[in-house]
Amino acid sequence: MKNDHLIALLNKSVAEELLAVHQYMYFHIHLEDQGLSPLALLFQRTAITEMGHVEALADRILFLKGDVEMQAAGRVEKITDPAAMLAKARTMEEVSAQGYNQAAIECAAGADAASRQLFDRLVADEEGHFAGFDRQLEKIQQFGASYLALQSMGKAGGAA
């Protein structure tokens, strides 16, 4: 059942998910340090979801008799401004959703319905993450320092 092209596609996704986990945990740690706990929690929860994606992708690779490559796709960007963090995360999620849509098409062409379904599920998750990050960025752009002040008091609902 081994298909080298699909395994490479799945491993590329593992690498992107690992980068997201690292990037979002970096954001979480710095937001927590800045006293922006609700926003920090949003990144922490998203990182945990991304870890679940790594596991699901790895399970599929192993089922296809491939080897899981546990290398992140790149280096963590050292961003500490909350709005810039959200903009970066939003871009990451948008790019992931586009890539996973393309991967689903390739899986369908390779007659791998199970991998296609996995990528379809990942697209939905990434679009949900995008929406959450976008909502928070819009609030920061609309309300500025006032919204971040509410974050510091735990009242702004960053985990929404």
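## Salt bridges

Counting any Lys or Arg side-chain nitrogen within 4 Å of an Asp or Glu carboxyl oxygen, you get five salt bridges. This is a predicted model, where local features need pLDDT of at least 70 and side-chain atom pairs need 80 or more, while totals for chains, interfaces and linings use all residues. Numbering runs from 1 along each chain as its sequence is written, and side-chain values use heavy atoms, with hydrogens and water left out.

K88 and E77 have their closest N and O atoms 2.7 Å apart. K88 lies in helix α3 and E77 in the loop between α2 and α3, so this bridge ties together parts 11 residues apart in sequence.

## Aromatic pairs

There are six aromatic pairs, with ring centres within 6.5 Å (planes under 30 degrees apart are stacked, over 60 edge-to-face, the rest tilted; for Trp the six-membered ring counts). Y26 and F27 pair edge-to-face, at 6.3 Å and 65 degrees. F27 and F43 do likewise, at 5.2 Å and 75 degrees. F27 is in helix α1 and F43 in helix α2, so that pair links parts 16 residues apart in sequence.

F27 is buried at 0% relative accessibility (buried is under 20%, exposed over 50%, partly exposed in between, with a 1.4 Å probe and protein chains only). F43 is buried at 0% as well. Y24, Y26, F27, F43 and F133 make up one aromatic cluster.

Notes. Helix = DSSP H or I, 4+ residues; strand = E, 2+ residues; numbered from the N terminus.
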